[in-house]
Amino acid sequence: MYLSSTLVTLAAVVATATAQEGTTIQVTVGKGGLVYTPNDIKAEVGTNIEFSFFPKNHTVTQSSFKDPCHPLENGFFSSFVPTANSPSGSTFTITVKDTKPIWLYCGQGNHCQTGMVAAINAPSTGNTFEAFALLAKNATASTSPPGGAVGGILKLAGAADSSSSSSASGSGSASGFTTISTTKTVQTTVTATITAVVTNGGSTYSTTYPSTYGTTYTTALPETTIALAASGSGTSTSASASASATGNSAAGLAVNGGMAGAILFAGMALL
């Protein structure tokens with residue numbers, strides 16, 4: 001009886017959206033509280049889901065139904081997006097690739113446990129969005145993937161290098177995409193027990209000894225695509241505009257790599 005009452009309460013705060021293939025659904029992140037709006041989304045294959053970030057510091061992180069508030073292996077992750085602006089102008093976009101349910105949460109503090117969760121194509125019975133929200137309410141402390149954004153397109157407001165001396169001619173904007181392919185090098189030690197059978201002078205005996213050796217291998221990590229947008233003014237040639245776009249790509253690399261930690265610490269300061 002308690003479960004039924006709780007599900008009824010959760011159903012009262014569900015906001016739904018439905019879209020056809022090839023369209024884009026806009027979802028706000030943290031607007032008006034710790035919530036995604038809408039949070040129960042129905043989308044055809046090929047639909048883009050664009051998450052727009054509001055203060056103070058949130059994520060869009062994919063999980064499984066059974067383990068909310070914890071990242072799904074090889075799932076998408078927006079990274080932490082801190083902002084004091086409402087809206088921030090920063091977005092994270094994913095594309096629905098099949099009709100399987102997609103579960104997601106905010107990895108900041110206890111946001112997930114207080115209801116900041118969402119679902120795409122959740123069933124109407126059984127593993128419903130309401131059931132997922134109830135599991136999240138009782139989940140253990142939230143965790144997030146290491147590193148930067150993965151599995152979608154992260155567009156950060158003001159991502160351009162403001163110190164660059166090159167800009168597009170006149171007042172306007174320049175944008176571009178950069179796809180980052182990274183690898184991970186793993187070093188490990190392998191210990192094997194070797195048994196050898198020796199025959200000598202008509203006698204046969206066996207000997208066993210351990211063998212330890214080190215090995216290094218490289219494995220590819222999922223690609224990350226970041227959209228960069230910059231506005232500028234002034235006069236320059238088309239060659240200078242091209243140089244500015246190159247600078248933006250470098251900024252994208254920094255966002256996905258070395259600056260990821262700085263973004264996280266800066267975001268925590270906004271809490």
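Analyst: Start with a pairing: Thr61 stands opposite Tyr105 in strand S10. The model is predicted. Thr61 falls within strand S7, residues 61–63, and three bridges join S7 to S10. The two run antiparallel.

S10 also pairs with strand S11, residues 117–120. That pairing is antiparallel too, over four bridges.

Now the side chains. S10 spans residues 102–105. Ile102 and Leu104 point one way, while Trp103 and Tyr105 point the other way. All four are buried. In general, side chains in a regular strand alternate between the two faces of the sheet.

Next, the cysteines. The structure holds one disulfide. It joins Cys69 to Cys112, with an S to S distance of 2.0 Å. The angle about the S-S bond is -80°, so the link of Cys69 and Cys112 is left-handed. Cys69 is buried, at 0% relative accessibility. Cys112 is buried as well, also at 0%.

What about Cys106? Its closest cysteine sulfur is that of Cys112, 8.2 Å away. A disulfide needs the sulfur atoms within 2.5 Å, so Cys106 is too far for a bond. Cys106 is buried, with a relative accessible area of 0%.

How values were computed: Residues numbered from 1 in each chain as written. Predicted model: local features only at pLDDT ≥ 70, side-chain atom pairs only at ≥ 80, totals over all residues. Heavy atoms only, no water. Buried < 20%, exposed > 50% of the residue type's maximum accessible area, 1.4 Å probe, protein only. Pairing = 2+ DSSP bridges.
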